Amino acid sequence: LQYMSPEQTGRLGSLADYRTDLYSMGVVMYHLATSQLPFQQTAISELMHAIISNTPALPHELNPLIPQVVSEIIMLL
């Protein structure tokens with residue numbers, strides 16, 4: 001569930017398309033860059049809310065070895 005895009009939660013009323021794959025790839029890159037997932041909630045309802053509503057911390061703020069431009073690319077995904 002951690003890699004699910006907002007559209008895949010079923011709460012937005014929009015269809016999932018190729019962009020959901022880009023979102024999931026961004027989560028994978030975030031995890032690789034920071035050694036943590038963008039959202040840490042364990043309850044499913046809280047996790048879905050976070051995916052839809054929250055913006056995670058910037059990767060370069062969590063790992064200073066990540067260049068800011070790479071961090072921005074990850075956040076675009």
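**Contacts, core and pocket**

Guide: Ala50 is in contact with Phe39 and Gln41, its neighbours within four places in sequence being left aside; contact means heavy atoms within 4.5 Å. This is a predicted model, in which local features need pLDDT of at least 70 and side-chain atom pairs count only at pLDDT 80 or more, while totals for chains, interfaces and linings use all residues. Residues are numbered from 1 along each chain as its sequence is written, and side-chain values use heavy atoms, with hydrogens and water left out.

Visitor: Which element gives the most residues to the largest nonpolar core?

Guide: The largest nonpolar core has 7 residues: Tyr23, Val27, Leu37, Phe39, Leu47, Ala50 and Ile51. Such a core is a set of buried Ala, Val, Leu, Ile, Met, Phe, Trp, Tyr and Cys residues joined through side-chain atoms within 4.5 Å. Two or more residues of this core come from each of α1 and α2, where helices are DSSP runs (H or I, at least four residues) numbered from the N terminus. With 3 residues, the element that gives the most is α2.

Visitor: At what distance does the side chain of Thr34 reach the backbone oxygen of Tyr30?

Guide: The side chain of Thr34 also has a polar atom 2.9 Å from the backbone oxygen of Gln36. For the backbone oxygen of Tyr30, the distance from the side chain of Thr34 is 2.8 Å.

Visitor: Why is Ile73 classed as it is by relative accessibility?

Guide: Ile73 lies in helix α4. Its C-alpha atom is separated by 14 Å from that of Pro56, 17 residues apart along the chain. Because its relative accessibility is 44%, Ile73 counts as partly exposed.

Visitor: Which helix gives the most to the lining of the largest pocket?

Guide: The largest pocket is lined by 15 residues, with Tyr23, Phe39, Pro56, Met75 and Leu77 nearest its centre. At least two lining residues come from each of α1 (19-34), α2 (44-53) and α4 (68-76). The helix that gives the most, with 4 residues, is α1.

Note on methods:
1 Å grid on protein atoms, 1.4 Å probe; cavity = no way out; pocket = protein on both sides within 12 Å on 5 of 7 lines; lining within 4 Å. Buried < 20%, exposed > 50% of the residue type's maximum accessible area, 1.4 Å probe, protein only. Polar contact = N/O pair within 3.5 Å; in protein donor to acceptor, adjacent residues only side chain to side chain.
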